[in-house]
Each structure stands twice: as structure tokens, then as C-alpha cells.
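Reader: Before we discuss individual positions, please show me the model, and then settle the terms as we go.

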Amino acid sequence: MLARLARFSFRRRRMMVFAIWLPLLLVLNVASRAAGSDYRTEFGEFDSESHSVREVLEQVGSAEDAGFTAQIVFTSEQGNDDPEVVAAMTAFLDKVDEIEGVKVRSPYAPENIQQNSPSESPANVSGADVSFAQLNITMRSQDELQPTADEIRNLGERVVVPGLTIEYGGQVFEEMEFPASEVLGILAAILILLVAFGSVVAMGLPIGTALIGLGIAMSTVTLASRGIDVPEVGPQVAAMIGLGVGIDYALFIVTRFREHLHLGEDPETAVVAAVNSAGRAVMFAGSTVIISLLGLFLMGLSFVRGIAAAGAVGVLVMMLASVTLLPALLGFAARRID
């Protein structure tokens with residue numbers, strides 16, 4: 001079957017590239033941009049003790065205690081008991097407490113005296129009073145947490161007292177910015193393949209195949225997020241795994257294609273032989289990775305299922321590209337591969 005597929009892709013290479021893969025890439029990208037993403041991290045839990053505790057807290061009206069915790073830490077040169085500091089921080093914390101789904105435990109409440117560390121305390125090495133307000137926030141996705149954190153920070157910026165410093169702690173206030181690791185990975189792969197192959201064309205085919213497959217996979221994951229729970233890290237997981245296997249699988253086939261050309265075979269025979277041999281390894285390896293990823297569904301956590309689905313989509317697209325798109329590109333390169 002792989003031999004017939006490779007021969008078809010080679011002989012109908014213009015159709016395979018310009019009528020199938022590139023239009024598919026364009027259509028999915030346009031559709032994903034039009035539909036938009038709906039990434040969300042839903043911490044759906046199986047029947048664990050922590051899940052039971054959370055349900056009990058929600059039933060008795062303490063949904064905030066069942067969610068996230070965060071801190072507003074502050075210190076002032078004139079002391080945290082200074083009337084101006086007390087008035088400003090109390091007003092600030094009262095406004096935060098009014099935000100829906102947020103409960104504040106103020107260090108100025110008599111029952112929360114342990115949230116204060118006076119400057120003369122042996123455990124305080126800062127030389128100034130340090131206090132913190134404990135925040136409890138209802139369970140929600142990372143996308144929903146970010147606006148809440150921004151709203152709290154905006155309220156804090158309005159507190160202007162000379163010598164007063166306010167900081168924020170906890171997952172709620174973490175900035176979710178992902179590094180451009182995909183770009184760095186591609187640059188590293190380009191350099192390595194250039195050294196290994198000694199040919200720009202031979203280097204470009206695995207990279208090009210992987211990039212087209214990556215574009216399709218990322219768009220598919222974006223569209224899938226409208227129907228299933230895909231966390232915010234889903235696209236990064238799909239890109240990381242997809243790039244790795246995509247370049248790797250294409251590298252297998254390109255290497256075998258060059259070997260058959262060096263044996264004196266014509267390009268079509270070399271493509272068929274490469275896909276019929278190395279392509280089998282690609283299909284077996286890709287299927288193994290997909291089955292392993294889908295095994296994460298057994299954990300029963302919704303955000304893990306989303307990560308597994310995103311990774312599996314990336315691998316599946318790269319497998320298909322390696323045995324259909326790549327043979328077509330090899331047909332264009334032919335003996336210029338070296």
C-alpha cells in the first residue's frame with residue numbers, strides 16, 4: 001500500500017502539493033482564525049479525596065476555599081500599623097473582596113494576626129514590617145484567572161502611599177508567556193541537517209514537510225478546542241512533539257531516498273523504495289506514539305485528555321505528510337537532492 005501511495009504522490013506531485021496540502025493548510029488556518037480558540041484548563045478530577053473535599057466546600061458555600069490561593073504582600077517604611085497605610089490597605093483589600101469569586105483574609109483582622117511579621121520579629125530579616133492578605137479564588141480556567149489578576153493589580157496601582165510597597169504571589173498572578181522554543185528548535189534543526197546532509201535541498205525537505213504539517217496540526221488543535229477541553233499549553237505540546245517527529249520521520253525517508261539514488265536508481269524508483277522501507281518505520285513509530293498519548297485518557301483528567309489529543313493530532317498529521325507530501329516534494333527535487 002505504501003509503495004502505491006508513494007508512486008501516486010510522486011507522479012501526481014503537483015496535485016498533492018498545490019491541490020491538497022497547501023489548500024488544506026490555507027483553509028484550516030483561515031477557519032481557525034475565523035472561529036478563534038477556546039483553550040481552557042479544566043481540572044476535572046476523578047473520585048479522589050481532594051475532589052470530595054472540594055465538593056463539600058462548594059456545597060456549604062465556601063467555593064472560594066475550594067479553588068486557588070494567592071497572596072497580596074506589603075511592607076512600608078513607616079510601619080504597617082501606620083494609620084495612612086492601614087486606611088489605604090484596608091480600602092484596597094475591601095475592593096478586592098468585592099470581586100466575584102474572591103475572598104480576602106486581611107492581616108488587620110484580629111483572627112489573622114499571624115499574617116503579620118513585625119520588623120522586630122527574630123524571623124524577619126527584612127528590617128521592616130511585612131504583612132500579607134490571603135486570597136481564596138473559586139476554581140476557574142487559566143484564561144479566566146488572568147482577568148481577575150489584572151483587576152486586582154489595577155486596584156493595587158491606585159494605592160499611592162509614600163514608602164508602601166505591594167507585591168503579589170501565587171499561581172493566580174503568574175504570567176503565562178511561552179518562549180519561542182519552536183523557532184529555536186527549527187533553527188537548530190536547520191544547522192544540524194545542513195552539517196549532516198551538506199545540501200540545502202536535502203535539509204529543506206524535512207524542514208518544509210514539518211512546517212506544513214505543523215501549520216495544519218496547530219490549526220486543527222485550535223478548531224478542536226471549540227469542542228473539547230484543550231488547555232492553554234495544548235498548542236505548545238502539539239508543536240513540540242509534532243516538530244520532533246515530523247523532522248525525524250522525514251529525515252528517515254530522505255536519507256533512504258538518497259541511498260537509492262546513489263545506487264543508480266531513477267528518482268521514482270528511489271522514492272517508492274524509500275517510502276516502502278523507511279515509511280513503514282514511520283508508520284509504526286507514529287502509531288506507537290499516538291497510542292501512548294491516547295493512553296493518557298485513562299487518567300480521567302480533562303486537561304490531560306486535551307494535551308493527549310493535541311499531541312496525537314500533531315503526530316498523525318506528520319505521519320501522513322511524511323508518506324504523501326514528502327514523496328511529492330522529492331519528485332520536484334529528484335537528483336538535485338545533493
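Author: Helices (H or I, at least four residues) and strands (E, at least two) are DSSP runs, numbered from the N terminus. This is a predicted model, in which local features need pLDDT of at least 70, side-chain atom pairs count only at pLDDT 80 or more, and totals for chains, interfaces and linings use all residues. Residues are numbered from 1 along each chain as its sequence is written, and side-chain values use heavy atoms, with hydrogens and water left out.

Reader: Where is alanine 334 found, and is alanine 334 buried or exposed?

Author: Alanine 334 is found in the segment after H10, and its phi is positive, about 50°, although it is not a glycine. Most residues other than glycine have a negative phi. Buried means under 20% relative accessible area, exposed over 50%, and partly exposed in between (1.4 Å probe, protein chains only). Because its relative accessibility is 16%, alanine 334 counts as buried.

Reader: Which helices do the buried residues of H1 pack against?

Author: In helix H1 (residues 2-11), the buried residues are Leu2, Ala3, Ala6, Ser9 and Phe10. Seen down the axis of H1, they fall within an arc of 130° and so line one face of the helix, the arc being that of the directions from the helix axis to the C-beta atoms. On the other side of H1, Arg4 and Arg11 are exposed. With contact meaning heavy atoms within 4.5 Å, the buried residues pack against H2 (13-35), H9 (267-294) and H10 (302-333).

Reader: How far apart in space are threonine 69 and leucine 135, C-alpha to C-alpha?

Author: Threonine 69 has its place in strand S1 (residues 68-76). Although 66 residues separate threonine 69 and leucine 135 in sequence, their C-alpha to C-alpha distance is 5.5 Å.
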